[in-house]
Amino acid sequence: MENTKKDGYITETIINAFLAGCVPIYYGTQEIFDIFNSQAFIYYDIDSPQDALDRIAYLENNETAYMDMLKNQPILKNGTLTIKDYFSFSDDLGGGHLKKRIRNMMGIST
């Protein structure tokens with residue numbers, strides 16, 4: 001969970017949960033759906049928590065569905081396109097697309 005729900009604010013918390021082999025329960029900006037596959041984590045809407053609570057209860061009582069979510073769902077929404085758009089800070093990752101965009105915005109030649 002993020003410590004705030006603010007547009008554009010996404011930290012490493014959800015990635016850490018994925019790396020630990022967990023199904024993340026995420027509270028924060030809905031922009032998370034632009035990056036991560038909505039079927040690979042549980043979104044906790046503090047204003048309407050019942051959907052998340054129902055999904056948690058379902059997964060707790062359905063090991064097959066839990067294991068499918070944990071093992072078979074891709075983490076990223078659009079695979080290599082997501083890497084290119086959100087994680088390509090170096091040339092050897094996504095061709096450095098994001099790095100080039102940031103440098104261009106800052107007026108630094110690439």
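User: In this predicted model, is T82 buried or exposed?
Analyst: The relative accessible area of T82 is 2%. A residue counts as buried under 20% and as exposed over 50%. T82 is therefore buried.

User: In which helix is the place of T82, and which residues does T82 touch, not counting residues up to four places away in sequence?
Analyst: T82 belongs to the helix that covers residues 80–86, namely α5. Leaving out residues up to four places away in sequence, the contacts of T82 are I35, L76, K77 and F87.

User: Which residues make up the largest nonpolar core, and which elements give two or more residues to this core?
Analyst: The largest nonpolar core has 10 residues in all: I14, F18, Y26, I32, I35, F36, A40, F41, Y43 and L76. Two or more of these residues come from each of the elements α1 (13–19) and α2 (32–35).

User: Which residues does I32 touch, not counting residues up to four places away in sequence?
Analyst: I32 is one of the residues of the largest nonpolar core. With residues up to four places away in sequence set aside, I32 is in contact with I10, I14, Y26, F41 and Y43.

User: How do the residues of the lining of the largest pocket divide into nonpolar, polar and charged?
Analyst: The lining consists of G8, I10, T11, I15, E31, D34, I35, F36, Y86 and F87. By residue class, this lining holds two charged, two polar and six nonpolar residues.

User: What volume does the largest pocket have?
Analyst: I35 and F36 belong to the largest nonpolar core, and they also line the largest pocket. The volume of this pocket is about 200 Å³.

Technical notes:
Residues are numbered from 1 along each chain as its sequence is written. This is a predicted model: local features need pLDDT of at least 70, side-chain atom pairs count only at pLDDT 80 or more; totals for chains, interfaces and linings use all residues. Side-chain values use heavy atoms; hydrogens and water are left out. A nonpolar core is a set of buried Ala, Val, Leu, Ile, Met, Phe, Trp, Tyr and Cys residues joined through side-chain atoms within 4.5 Å. Buried means under 20% relative accessible area, exposed over 50%, partly exposed in between (1.4 Å probe, protein chains only). Helices (H or I, at least four residues) and strands (E, at least two) are DSSP runs, numbered from the N terminus. Contact means heavy atoms within 4.5 Å. On a 1 Å grid over the protein atoms alone, a cavity is a set of points where a 1.4 Å probe fits but cannot get out, and a pocket is an open set with protein on both sides within 12 Å along at least five of seven lines; lining residues have an atom within 4 Å of a point. Grid points are joined across faces, edges and corners, and a volume is the space filled by probe spheres set on the points. Ala, Val, Leu, Ile, Met, Phe, Trp, Tyr, Cys and Pro count as nonpolar, Asp, Glu, Lys and Arg as charged, and the others, Gly among them, as polar.
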